[in-house]
Amino acid sequence: MTTAKTPPMGWNSWNKFGCNVSETLIKATADAMVSSGMRAAGYQYVNIDDCWMSHDRNAAGQLVPDPVKFPDGMKALADYVHGKKLKLGIYSSAGTQTCAGYPASLDHETTDAQSFADWGIDYLKYDNCNNENRPAIERYTAMANALKATGRPIVLSICEWGQNKPWEWGASVGGQLWRTTGDITDSFSSVLGILDQQVGLEKFSGPGAWNDPDMLEVGNGGMTDAEYRAHFSLWALLNAPLLSGNDLRTMSDATKKILMNKDVVAVDQDWGGQQGALVSGNGTTQVWAKPMSDGSVTVALLNRGPVSAMAATTTAAIGLPDTDSYRVKDLWTGKESQTDAMIRAELGVHGVSLLRIWPKSGRTLAPLTTLSVGVDEVVEKDQPFTTLGTVYNDGSTPLIRPSLTLVAPAGWKVQGSATVRTDVVQPHRGWTATWKLVPDGTGGASLDVRVDSRYFTIGGGQQSSEHVTALVAVPPPAGSVQASSLPFISTGNGWGPVERNTSNGENQPGDGLPMSIAGVKYATGIGAHAPSTVRIYLGGKCTSFSAMVGVDDETHGNGSVAFTVVGDNKSLAQSPVQRGNQAAVSLTANVTGVHIIDLQVSDGGDGNTWDHADWAVATLTCS
Ligand code: GLA
């Protein structure tokens with residue numbers, strides 16, 4: 001039997017194509033998997049998701065491929081895919097119908113498994129829709145047994161959304177992988193939400209039995225390349241199945257570089273005794289690490305926050321043995337260096353640094369250095385501000401004659417010298433330069449501060465460059481101001497974008513419905529969906545905040561959320577949990593002296609489905 005010794009790699013139609021599957025698409029995808037280099041990089045399964053079947057079984061009770069979408073049938077398609085030295089996957093549900101309403105395999109396990117085997121299918125994704133509340137273990141066992149009885153090795157992917165802890169029984173019923181969560185979407189908040197649900201599951205995976213945090217969204221357009229790198233790095237660290245979900249026929253170079261990074265794929269495919277696990281985190285930055293079978297450790301330093309941040313850990317904390325030097329390879333840049341113990345990285349917004357670290361080597365390499373740039377997240381328009389640049393030396397050899405140069409953004413100039421020098425930065429030390437920038441003409445709505453570092457070390461001269469962006473803001477005008485009329489520094493939202501003066505949306509985000517809580521309509525406010533944060537600059541100019549908060553009527557009584565007002569990272573006021581149909585409550589906060597306010601909505605404790613949250617008449621009083 002197939003054991004899926006390493007996490008399965010391939011492609012699945014759902015994330016990009018939904019129900020638009022066809023023989024043409026599958027063949028072209030198989031072709032592209034070969035021509036793009038994906039097959040050579042290890043991807044082998046071409047998986048058809050929902051919507052491939054006809055609405056009716058045939059007279060013999062068998063599933064029939066849709067004759068328009070798959071005119072040549074599945075056997076011919078499997079032959080085609082196999083001819084490319086690839087494997088074909090298919091989909092059904094452990095229910096009466098699939099999620100999209102096609103016939104599914106509950107109580108038809110033997111017939112359907114036999115069809116799959118007869119067609120030459122290599123992989124079955126087995127979903128959980130329309131399951132009639134019958135016990136999951138029984139439903140998945142029945143299909144596993146039916147597949148086994150065919151004699152054809154077919155990987156069984158249990159898609160049970162983590163509802164009945166499939167990590168505890170998925171392997172024993174005969175599955176090779178099991179979804180641990182609901183569906184991924186093409187957004188970084190979805191990636192983080194899924195990531196958080198993987199904590200503690202590391203002990204349940206191993207060769208032939210993998211936790212599945214859902215398929216990849218890399219290349220689908222909803223995230224930045226930095227976010228896709230973070231998504232891919234973390235999935236690799238978790239030994240997740242790597243099922244790309246993008247259009248392989250039209251991949252950008254950036255997408256190819258992510259999906260086909262050999263060093264990162266190798267992390268995913270390596271079983272060092274445990275899937276990667278969370279080591280430490282402070283809310284904004286996190287450290288995840290995974291032991292590798294050659295004694296090295298791969299570590300991911302992750303910035304979950306909306307501004308640049310530095311993250312650090314040590315070789316001991318990530319489980320490396322004690323030795324006096326370690327070799328470090330940055331798996332995204334390829335750069336190698338040497339550290340004595342500290343591991344550090346400056347991370348852009350939603351950035352990751354993925355490092356593989358080997359004990360007892362690397363003394364001849366340049367030291368691991370980190371250049372960090374410190375600028376406030378918001379700079380006030382036409383006001384001077386201060387920038388810090390720090391270079392850390394975590395290796396065994398000094399940095400000689402270092403210099404730090406600040407490149408001023410448009411609209412500001414450096415007071416004094418832009419380049420600052422010193423003689424040496426010793427091992428295990430940092431050196432900081434400070435610059436004052438003063439207004440000089442007009443700049444834009446955001447600014448980009450760049451610091452360049454230069455020094456000599458083993459192997460010659462080294463240079464690096466880091467930049468951070470800050471928003472240029474003006475405090476709110478004096479008087480009573482609607483928060484929905486102010487610029488947002490940043491927003492995060494559970495479903496679609498945060499909306500100004502309309503609710504989150506009933507049928508789709510952005511459908512422009514007025515806010516309404518327990519029958520009362522509101523003309524102004526902020527329409528959100530948990531988990532959500534709206535960041536607004538007050539510049540110390542306001543004294544009070546007030547809003548009527550509650551769940552929007554568009555949820556038809558569903559949903560539960562809590563509202564929190566945070567000022568300069570301190571909680572100022574919190575609502576009780578608000579449920580659907582419940583009258584709005586008034587939430588007020590004293591914001592005297594606060595520079596940045598965060599309006600946060602969290603799930604009320606029952607998952608974030610239907611968590612449409614209104615900050616109605618959100619009002620600031622400013623002077
Ligand atoms: C469920 C699954 C998804 C996808 C769809 C298809 O939502 O979790 O991965 O297969 O069904 O309808």
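How many bridges pair β3 and β4, and in which sense? These strands pair over five bridges, in the parallel sense. The legends below take this pairing and other sites one by one.

This is a predicted model, where local features need pLDDT of at least 70, side-chain atom pairs count only at pLDDT 80 or more, and totals for chains, interfaces and linings use all residues. Residues are numbered from 1 along each chain as its sequence is written, and side-chain values use heavy atoms, with hydrogens and water left out.

**View 1. The parallel sheet.**
Eight strands make an open sheet with parallel pairing. Their order is β7-β6-β5-β4-β3-β2-β1-β8. Strands β7 (210-212) and β8 (242-244) are the edge strands, each pairing on one side only. Neighbouring strands of this sheet are turned by 25° against each other on average, direction ignored. Strands are DSSP runs of E with at least two residues, helices are runs of H or I with at least four, and both are numbered from the N terminus. Two strands pair if DSSP finds at least two bridges between them. Axes are lines fitted to C-alpha atoms, for helices over the stretch in contact, and angles run from 0 to 180 degrees between N-to-C directions.

**View 2. Strand β1 beside β8.**
Strand β1 covers residues 9-12. Three bridges join β1 to β8, and the two run parallel. Gly10 stands opposite Leu243 in β8.

**View 3. Strand β4 and its cover.**
Strand β4 (residues 123-127) is mostly covered, with five of its five residues buried. Buried means under 20% relative accessible area, exposed means over 50%, and partly exposed lies in between (1.4 Å probe, protein chains only). Tyr123, Lys125 and Asp127 point one way from β4. Leu124 and Tyr126 point the other way. Across the pairing, Tyr91 stands opposite Lys125 in β4.

**View 4. Helix α3 over the sheet.**
Helix α3 (residues 73-83) lies across β2 (45-47) and β3 (87-93). The helix runs at about 140° to β3. Ala76 is found in α3. What is the relative accessible area of Ala76? The value is 35%, so Ala76 counts as partly exposed. The C-alpha atoms of Ala76 and Gly559 are separated by 47 Å. Along the chain these two residues are 483 residues apart.

**View 5. Gly208 in its loop.**
Gly208 lies in the loop between α7 (188-196) and β7. Is Gly208 buried or exposed? Gly208 counts as buried because its relative accessibility is 15%. Leaving out residues up to four places away in sequence, Gly208 touches Thr3, Ala4, Lys5, Gly175 and Gln176. Contact means heavy atoms within 4.5 Å. The C-alpha atoms of Gly208 and Leu355 are separated by 26 Å, with the residues 147 apart along the chain.

**View 6. The buried residues of α7.**
In α7, Phe188, Ser190, Val191, Leu192, Ile194 and Leu195 are buried. What covers these residues? The cover includes α8 (225-237), β10 and β11 (297-303).

Asn246 is found in the loop between β8 and α9 (253-259). Its relative accessible area is 1%, so Asn246 is buried. Not counting residues up to four places away in sequence, Asn246 touches residues including Trp11, Lys16, Phe17, Val218, Gly219 and Asn220. Met251, Thr255 and Leu259 are also among the contacts of Asn246.

**View 7. The β9-β10 hairpin.**
Strands β9 (residues 277-281) and β10 (residues 285-291) run antiparallel, joined by four bridges. Ala277 stands opposite Ala289 in β10. How many residues lie between β9 and β10 in the hairpin? There are three. In the turn, Gly283 has a positive phi of about 100°.

**View 8. The antiparallel sheet.**
Four strands form an open sheet with antiparallel pairing, in the order β17-β19-β24-β21. Strands β17 (369-374) and β21 (412-415) stand at the edges. Each has a single partner strand, so one side of each is left without a neighbour in the sheet. The twist averages 30° from one strand to the next. Six bridges join β17 to strand β19 (residues 385-393), and the two run antiparallel. Thr369 stands opposite Asn393 in β19.
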